[in-house]
Amino acid sequence: MKRVYVCNDTITGIFSGIYDAWKTKLGQEQLGIVLKGCIDQELFCEYAEVVESEKKTIAVENLIKKHMGYEAYWEIYHAVLSSDKEKGDAILGMMLEARNIPQSKKIMQHLSHPKVRKVFELSRNVSNEAHYYREIIRFRELDNGILFSQIEPKSQILTCLGDHFTDRFPLENWMIYDRTHKMFLVHPESKHWVLVLDEVVNEEAIKKVSVKEKTYEKLWKGFFESVAIEERKSYDRQRQHLPLHYRKHVTEFQ
Amino acid sequence: MRITENMSLSKKLNILSDAAKYDVACTSSGTDRHNDGTGIGNCVKAGICHSFSADGRCISLLKILFTNECIFDCKYCINRTSNDVERASFTPDEVCNLTIEFYRRNYIEGLFLSSGVWKSPDFTMEMLYQTLYKLRTEYRFQGYIHVKAIPGASPELIQKVGFLADRMSVNLELPTAESLRKLAPHKNRKNILTPMRLVQNGMAENKQELVAYRNAPRFVPAGQSTQMIIGATPENDFQILNVAEALYKKFELKRVFYSAFVHVNEDSNLPARGDEGPPLLREHRLYQADWLLRFYGFEAKELLSEMNPNFNVLIDPKCNWALEHLEVFPVEVNRADYYTLMRVPGIGYKSASRIVKARRMGVLNFEDLKKMGVVLKRALYFITCNGKMMYPTKIEQDYILRNLLNVGEKLPISVTQMNYKQLSLFDDYHFRQEQFMAEAGKKAPIEKIIG
Ligand code: SF4
């Protein structure tokens, strides 16, 4: 009978699930992970609720770093952030496969294994999406001086943006709000960034922009219009690079 | 000249970004720099593009002129002194504020500052210097700066500016000295190439200083670039490509940009205005060839010649080269060296290096090549795997050409939106699609078709 571990769609949840599965010492065919709310009851499966804990998470993290190396760790780190429902299962499968091969640190070279390939693809999608947001995130200056941005990404990419914007704006107070996953990335001036969960956004406060803000938004929109060369106009090409659904929170398209 | 005292900032920005937009370089790439914790901004080597304007071009930098006042009279330029256009100038603080405030909102990667020649080249260069100095020291901006060196400005000034900028460029403007004389009477080869050489030498010296003192200030770390206007003067592609090659080899430029001529002035020295729009396909072919020079080890004289001085409208420069050199094909994928592989149509430099790596592990077949990103429908005429071709095929110019044309080429949308009218621009290529079809049908020797 296959054992399937049911966990929350968080790093702690998934890593705790992997921890429980790993402990059983069973093989790939006998183990699985499924996210809460996505269970498709199968016959011959035994479902087990995961009790998540920080301790289990850290243990799994160390296990990956130690035995699979940083390359694999990085791929898994990104894959966990994906919106794909089978990501937990793919990561578990990849880890179990790493146990079977002679050099587990070379696991990323085994792309012919379906679970390894899946993790690789998820990771690539997430890092591409994160890169996309490095380009098209727009900050607005609120009346309290905070630079505020909101996005609606598919994956939970906030942590992938933290270092980039911290290096860029070390002396600013800034904040990015992920509307899809209701999370905040918060950077207080001259400090490290932090991820804030379980908070609600104050919709009124984020509408109150500074006096200067309107001016610069207008200047930017003016610039955006005037740099296009009339004789070369091509909205198709513009859309090819910047699909409409990404434009929702982008200043120059509002 | 109209008076522009008390002009609003938004009006100025409008005029001075509009006047700068014909400059094609917009990349923010070439250097990595972390913030030192005392200011704002960093640089990312691959460059970051923040938006796309209505013409589909990437917006990465705040691209503006410091002023569109100009004492020169370049025929192709909207700002030439003889034009009656509205003139405006920024102050250094205005440029700094715009840069910082746009950057804070993540609109841009940095500043691209160019300028008309106001009063004198030195006066203008001094204004640019003051602006950058303020931006770097007072405003503590550590993002990307691309600045134009003004032809005719003194070496000391160019030197000083070079220590504040990431990239510098001097526009070559036109491919030959003759054309320059005709269309840009106040400029000449010498005062364009002098600052270019200066920047090149400055970079070389700086490299040595950096070896000796790791913390020495950095001079133009992202290198220099230039641009040429294509289609305003009668040079052929062969001449243009030779100029580009010389610039890469002798001046160690990072990039040469090509800018399809856009009609903004009426002037008897300019080509007559038609309704065909800028020569975008020609521009595209030049970029493809430029890529071959920089990454594929091609030389200009391999791609074109006096006899055959223009690129083919219908096929890209690499395919064209391969068709002219069928004697070297087919090549055996399991043995050919990296450089030979890169020359095969359908094999890019990435797939070439994948092939070289993968074949160490075992013999490759066509299926493997496909997985490595080789475009087999193009490559199949030029390669063997284990001594076998993919299908039995003739190795004959017109046969292969016809088949490659059936496969089609993926052109950027901006180019494919051209109508037949625009293709007729290439009449002086002795080339027309109809003509080709007719002749190909008759199995005419290819030389006649490609001209
Ligand atoms: S120098 Fe020539 S190209 Fe530059 S702004 Fe003046 S007229 Fe235009």
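Five strands of chain A make an open sheet in the order 4-5-6-7-8, and their pairing is mixed. Strands here are DSSP runs of E with at least two residues, helices are runs of H or I with at least four, and both are numbered from the N terminus. Two strands pair if DSSP finds at least two bridges between them. At the edges of this sheet sit strand 4 (140–141) and strand 8 (194–196) of chain A, each pairing on one side only. Take strand 7 (residues 183–187) of chain A: three bridges tie it to strand 8 of chain A, and the two run antiparallel. To find your place there, look for A:Leu185, which stands opposite A:Leu195 in strand 8 of chain A.

Before going further, a word on what you're looking at. This is a predicted model, where local features need pLDDT of at least 70 and side-chain atom pairs count only at pLDDT 80 or more, while totals for chains, interfaces and linings use all residues; side-chain values use heavy atoms, with hydrogens and water left out. Residues are numbered from 1 along each chain as its sequence is written, and chains are lettered from A and ligands numbered from 1 in the order in which they are written.

Now for chain B. Here six strands form an open sheet, ordered 3-4-5-6-7-8, and the pairing is parallel. Its edge strands are strand 3 (61–65) and strand 8 (255–260) of chain B, each with pairing on one side only. On average, neighbouring strands of this sheet are turned by 20° against each other, direction ignored (axes are lines fitted to C-alpha atoms, for helices over the stretch in contact, and angles run from 0 to 180 degrees between N-to-C directions). Strand 7 (residues 224–230) of chain B is joined to strand 8 of chain B by six bridges, and these two run parallel. B:Ile229 stands opposite B:Ser259 in strand 8 of chain B.

Two backbone details in chain B deserve a look. B:Phe329 and B:Pro330 are joined by a cis peptide bond, with omega about -5°; B:Pro330 lies in the loop between helix 10 (317–324) and strand 9 (331–332) of chain B. Then there's B:Lys119, not a glycine, yet with a positive phi near 65°. That residue is in the loop between strand 4 (110–114) and helix 3 (121–138) of chain B.

So what happens where the chains meet? Chain A brings 44 residues to the contact and chain B brings 53, contact meaning heavy atoms within 4.5 Å. Together the chains bury about 4400 Å², with 56% of it on carbon and sulfur atoms (the accessible area, with a 1.4 Å probe, that two parts lose on being put together, summed over both). Five salt bridges cross the interface of chain A and chain B, each a side-chain nitrogen of Lys or Arg within 4 Å of a carboxyl oxygen of Asp or Glu. B:Glu101 and A:Lys212 meet in a salt bridge through their side chains, at 3.1 Å from N to O. On the chain A side, helix 4 (114–136), helix 5 (158–168), helix 6 (211–226) and helix 7 (235–241) each supply at least two of the residues that touch chain B. Helix 6 of chain A gives the most, with nine residues.

Over all chains, the structure holds 35 salt bridges. Within chain A, A:Asp84 forms a salt bridge with A:Lys118, the closest N and O atoms being 3.3 Å apart.
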